[in-house]
Amino acid sequence: MNKKIKKTTPNIRLNKRDARSGENQKPNEPLTFGLLQHEIDGILAHHQKDTNRELEQSVMKELAKLLPAGETIGVKHPHHHTDIIVKPTTARSSHSSFVLDLTELAKKQKEKAEKKRILSLLRRRGRELPTSSKSMANEKPKHKAAGELGPTVIFRHEERIAVLNHLPSKRHYDEHGEQFTKAPWFYHLNLPYDWPKKIVIYTFGFLLCIAPIKAFGYYHELKNSQAKIVNYATEAYADIKIASQNLLDEKTGEAREQFAAAEKNLFEAENELDKINAGLKILINLIPRTGPNLADAEYLLDAGAAAADIGQQITNAFEALKSSDKKLTERLANAESDISSIAGKVNSVNSLMNKIRPEALPENKRAQFSQIKNYLSSLANDLTEFSELSKTINEILGADYLRRYLFVFQNNNEIRATGGFIGSFALVDIDRGEIKNIEIPSGGSYDLQGSLLAKRKAPYPLTVINPLWEMQDANWLPDFPSSAQKIKWFYENAGGPTVDGVISVNASLIPAILEIIGPINLPDYGQSLNAKNFIIELQKSTSALKNTAKPKQLLADLAPEFLKKLFGADKKTIITIAQAVKKGLAEKDIQLYFANQAIEEKIASYGWAGKMLNSSRDYLAVVSSNIGGGKTDAFIEQNINLVSNIADDGTIINTLAISRKHTGSANDQFGKISNLSFVRIYTPAGSELLEITGHSSVPANKFEKPETAWQEDEWLAGIQGKIWIDPTSGTQINNEFDKTVFGNWLQVDSGEERQLIIKYRLPFRFSAAQKSKLTIFSNEKHPEFYSFLLQKQSGVQNTKFNITINLPTGYSATKTFGHAAINHFDQIKLESSLADDALLAFIAE
């Protein structure tokens, strides 16, 4: 239904008269009709045209009667009015033509005719005018009986509305009682009819004239913002660098101030970025470009702010650890919480850094940016690892109750299976992170000899020096958890208290620590021990006191001074020490065993337990035990070469060559002694000995016989199993730790070089070659995954490994994994000094 609409139509005012009674209505009250604007325009245009034409004709007739003969009457229609022109046609006529302007007359005639037309229209409809337009305007329409006319819809001149309703009596109304539909929204704005066209013209003009001016302004705004953002970010970067250096220099107060300054500068930079018009940001980021954009800037600023916050938290964590008002375990627990939070923020920084496009950075900064990303990724992993490990560390440090550990010092100049000869040990009590007690027997491990009640026969090769198995020889097995259990057993059975774990430290680690903390002065001995002379001076002291009751007194006096200097180091030094300890754990110079199974499994998962590992395919570990050869392993240069030949039928034959060169001289106190070692070669279980050459023979009379009252060690027998002796070479063969072991002697005198060669067949085949051989009518090759695990012996020195794997005919390695190897397609080579274990794997097809 149409509603009353305000329009700029001419006011039409009529003196209303009742259609039937003819009574005069109020002369000043406007009469309104319900006509739509286009209906009114059509009616007026049509009747105006007819009225003007009738008026012209009437006037011209009257003029023709009044004017003299010969006068010409013409009609013109200028803008918005009609002119009737009379021109004289005779030469005698002295007056000029005149123009009669009928505009005003036409207007009056038009009004009169319109009144007449409207009244006629009302009478024709039989419509009775209402007594009050106001009352009718407020009256809600009512339905009439059939055949009756509905109510008149009025014109409202005050609102300039005209809508005519001439519908039959049966009408339809909306929910508000209105009969008409709503007018468009722009009807009330009094817009000109050509307003869409004007808007288009205005918009086009804005784009041509105004937009470039605004864009120029935006450009300057962005340039100014860019300069400010760069300045703030540069200052923040400088603050972070200074803060980091202050942190390393233990200037935590200055570090905190610099990190706070960095955060402030980054905050200001972000404010400048936020001032940029939001719509402009969207448009700029949508523009394809290879250089930096606002998104890159936002990511960089967010990463910088997070980095500054991380710096603040690290500073707080350092101060908390340094504080002495709490126990170490409490401080570590608090640090664990801080580090967990820091790790999460580092991951957030990594995420932001990964969003930054490399092309958004200057070329001379991209390499540095890549290094920072790698460093942060490594830092996040280290922090997460430390957070997970911290609870275990706190348990080890006695967070809830006192822990007691047995530290054994292994001299790897006299190599043994787990690292070296156990000459000294220390009993250490730790309670809530504090060392409560340290006991270092001046006689070393020999102090337990007279206290051991249980008598066990030594493993046969050890009987060359001692048929009784004792504490100093307890580390016979290369699997450290197994040897640690035996060390613990010997100590406790010799009258020592029960311990919670065993920790081995190789002598070669101490010089690395002394290199960091500096020399230790021992005035009573007139010595200053440093990284270069520590081992040799310790060996000299032990040798000099060998026949006394206190051969290890120097070590007992050294330990307190060593620990005092170790724990009194500054933060920068502590970090370096921690890195050296971590390296020692990775290279097996430190090995850990804990009686608590949960702690042991956690430590083993990090590779710090010194376990012998399992392998699905090939495996090799060469384990030497110096038996009666003195401290000569420091003079041995060793090369271990393995060639693995895979035949076309899949059979695998390994040839291992162990070359040892003794560089000692006859004038050297320790280097002049012959090196005698029992060498065990650990191979995949089920390997078959084919040939062995170059081994040494030890006369039978060199082996001491145990006393009959001594018992066989059942624990050792359970691990080693049955031992076979190869009748040709005297090689000892047994199975332990799911490996087949070949053991024999190798003796090298000073200045000499010897080579032991052993050939053996692996218990499995290269199955891909076997499958290809069975496929008689096809050249199809079957890919196969192959792996080789090489385990390093703890404490081994001056050793190089060369591994070569020759593939069967027609096969090549398409992909290698694990340790860095040289791929010659049909040959895989690994050359390494092997600081730790190495896994070499590849796919051959």
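This is a predicted model: local features need pLDDT of at least 70, side-chain atom pairs count only at pLDDT 80 or more; totals for chains, interfaces and linings use all residues.

Trainee: Let's start with the helices, then: at what angle do α11 and α13 pack?
Mentor: Helix α11, residues 509-517, packs against helix α13, residues 553-567, at an angle of about 50°, and their axes are 11 Å apart. Because of that angle, α11 counts as oblique to α13, and α11 passes α13 in a left-handed crossing.

Trainee: And which residues meet there?
Mentor: From α11 there are Ile-510, Ile-513, Leu-514 and Ile-517, which meet Phe-562, Lys-565 and Leu-566 in α13.

Trainee: How far apart are the axes of α12 and α13?
Mentor: The axes of α12, residues 534-544, and α13 are 8 Å apart, and the two helices pack at an angle of about 135°. That angle is why α12 is described as oblique to α13. On the α12 side the contact is made by Phe-534, Glu-537, Leu-538 and Ser-541, and on the α13 side by Leu-554, Leu-555 and Leu-558. The residues of the contact of α12 with α13 comprise 5 nonpolar, 1 polar and 1 charged.

Trainee: Switching to strands, which residues of β12 are on its covered face?
Mentor: In strand β12, residues 636-646, the covered face holds Ile-636, Gln-638, Ile-640, Leu-642, Ser-644 and Ile-646, while Glu-637, Asn-639, Asn-641, Val-643 and Asn-645 lie on the uncovered one.

Trainee: Does β12 run parallel or antiparallel to β13?
Mentor: Strands β12 and β13, the latter covering residues 652-662, run antiparallel and are joined by 11 bridges. As an example, Asn-641 has Ala-657 in β13 as its bridge partner. The hairpin of β12 and β13 has 5 residues between the strands, and in this hairpin Gly-650 takes a positive phi near 95°.

Trainee: What about the pairing of β12 with β21?
Mentor: With strand β21, residues 799-806, β12 pairs in the parallel sense over 8 bridges, and in β21 the bridge partner of Asn-645 is Asn-806.

Trainee: There's an open sheet too; what is its strand order?
Mentor: The open sheet has 8 strands in the order β16-β17-β18-β14-β11-β20-β25-β22, and its pairing is mixed. Its edge strands are β16 (724-725) and β22 (813-818), each of which pairs on one side only.

Trainee: I had my eye on Ser-787: buried or exposed?
Mentor: Ser-787 counts as buried because its relative accessibility is 5%, under the 20% cut-off for that class. The residue sits in strand β20, residues 784-791. Leaving aside neighbours within four places in sequence, Ser-787 is in contact with Ser-615, Ser-616, Arg-617, Asp-618, Leu-839, Leu-840 and Ala-841.

Trainee: Last one: where is Ala-835?
Mentor: Ala-835 lies in the loop between β24 (827-832) and β25 (838-844), and with a relative accessible area of 37% Ala-835 is partly exposed.

Trainee: And what does Ala-835 touch?
Mentor: Not counting residues up to four places away in sequence, Ala-835 touches Glu-587 and Lys-792. Ala-835 and Ala-586 are 249 residues apart in sequence, yet their C-alpha atoms are 8.2 Å apart in space.

Terms used. Residues are numbered from 1 along each chain as its sequence is written. Side-chain values use heavy atoms; hydrogens and water are left out. Helices (H or I, at least four residues) and strands (E, at least two) are DSSP runs, numbered from the N terminus. Buried means under 20% relative accessible area, exposed over 50%, partly exposed in between (1.4 Å probe, protein chains only). Contact means heavy atoms within 4.5 Å. Axes are lines fitted to C-alpha atoms, for helices over the stretch in contact, and angles run from 0 to 180 degrees between N-to-C directions. Angles under 35 degrees count as roughly parallel, over 145 as roughly antiparallel, 65 to 115 as roughly perpendicular and the rest as oblique. A crossing is left-handed if the near helix is turned anticlockwise from the far one by less than a right angle, and right-handed if clockwise. Two strands pair if DSSP finds at least two bridges between them. Ala, Val, Leu, Ile, Met, Phe, Trp, Tyr, Cys and Pro count as nonpolar, Asp, Glu, Lys and Arg as charged, and the others, Gly among them, as polar.
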